[in-house]
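Good morning, and thank you for coming. I would like to walk you through one structure and some of its features.

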Amino acid sequence: MTRTVKVDNNKIDKSIIEEASLLLNSGRLVVFPTETVYGVAANALDKKAVERVFEAKMRSADVPL
């Protein structure tokens, strides 16, 4: 399931941060914009979540993130 959330940089909504935290803690990925590209976040301590990052970026495991 994919969900898009619009964020207002001038008004931080703590519920969005909490939701992202819950997603990360459950092994899901969170994608967010930066100034130049989109970032992909995952729980680095969750092996399956890290594997999902490689899958999402279509990279083989021998190419470092």
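**A salt bridge and its surroundings**

Let us begin with a pair of side chains: Arg3 and Glu19 form a salt bridge, with 2.4 Å from N to O. The pair connects distant parts of the chain, since Arg3 belongs to the segment before α1 and Glu19 to helix α1, 16 residues apart. The term salt bridge is used here for a side-chain nitrogen of Lys or Arg within 4 Å of a carboxyl oxygen of Asp or Glu. In general, side chains of opposite charge can pair when their charged atoms come close. The structure holds one salt bridge.

A word on the source: this is a predicted model, in which local features need pLDDT of at least 70 and side-chain atom pairs count only at pLDDT 80 or more, while totals for chains, interfaces and linings use all residues. Residues are numbered from 1 along each chain as its sequence is written, and side-chain values use heavy atoms, with hydrogens and water left out.

How exposed is Glu19? Glu19 counts as partly exposed because its relative accessible area is 29%; buried means under 20%, exposed over 50%, and partly exposed in between, with a 1.4 Å probe and protein chains only. Leu22 also has its place in helix α1. With a relative accessible area of 61%, Leu22 is exposed. Between Leu22 and Arg3 there are 14 Å in space, C-alpha to C-alpha, and 19 residues in sequence.

Turning to the helix, α1 has twelve residues and spans 16 Å from its first C-alpha to its last, close to the 16 Å expected at 1.5 Å a residue. That expected span is 1.5 Å times one less than the number of residues. After α1 comes Gly27, whose phi is positive, near 90 degrees.

Arg28 lies in the loop between α1 (14-25) and β1 (30-33). Arg28 is partly exposed, because its relative accessibility is 36%. On the surface, Arg28 gathers with Lys47, Lys48 and Arg52 in a patch of positive charge. Such a patch is made of residues with over 30% relative accessible area and no salt bridge, like charges being joined within 9 Å.

Finally, the chain as a whole. It has two helices and two strands, in the order α-β-β-α from the N terminus on; helices (H or I, at least four residues) and strands (E, at least two) are DSSP runs. Of its 65 residues, 11% count as buried. Taken along the principal axes, the C-alpha atoms fill a box of roughly 40 × 25 × 20 Å.

Technical notes. Patches are made of residues with over 30% relative accessible area and no salt bridge: like charges are joined within 9 Å, nonpolar side chains (Val, Leu, Ile, Met, Phe, Trp, Tyr) within 5 Å. Accessible areas come from the Shrake-Rupley method with a 1.4 Å probe; for residues, only the protein chains shown count as cover. Lys and Arg count as positive and Asp and Glu as negative; His and the chain ends are not counted. The place of a charge is taken as NZ of Lys, CZ of Arg, CG of Asp or CD of Glu.
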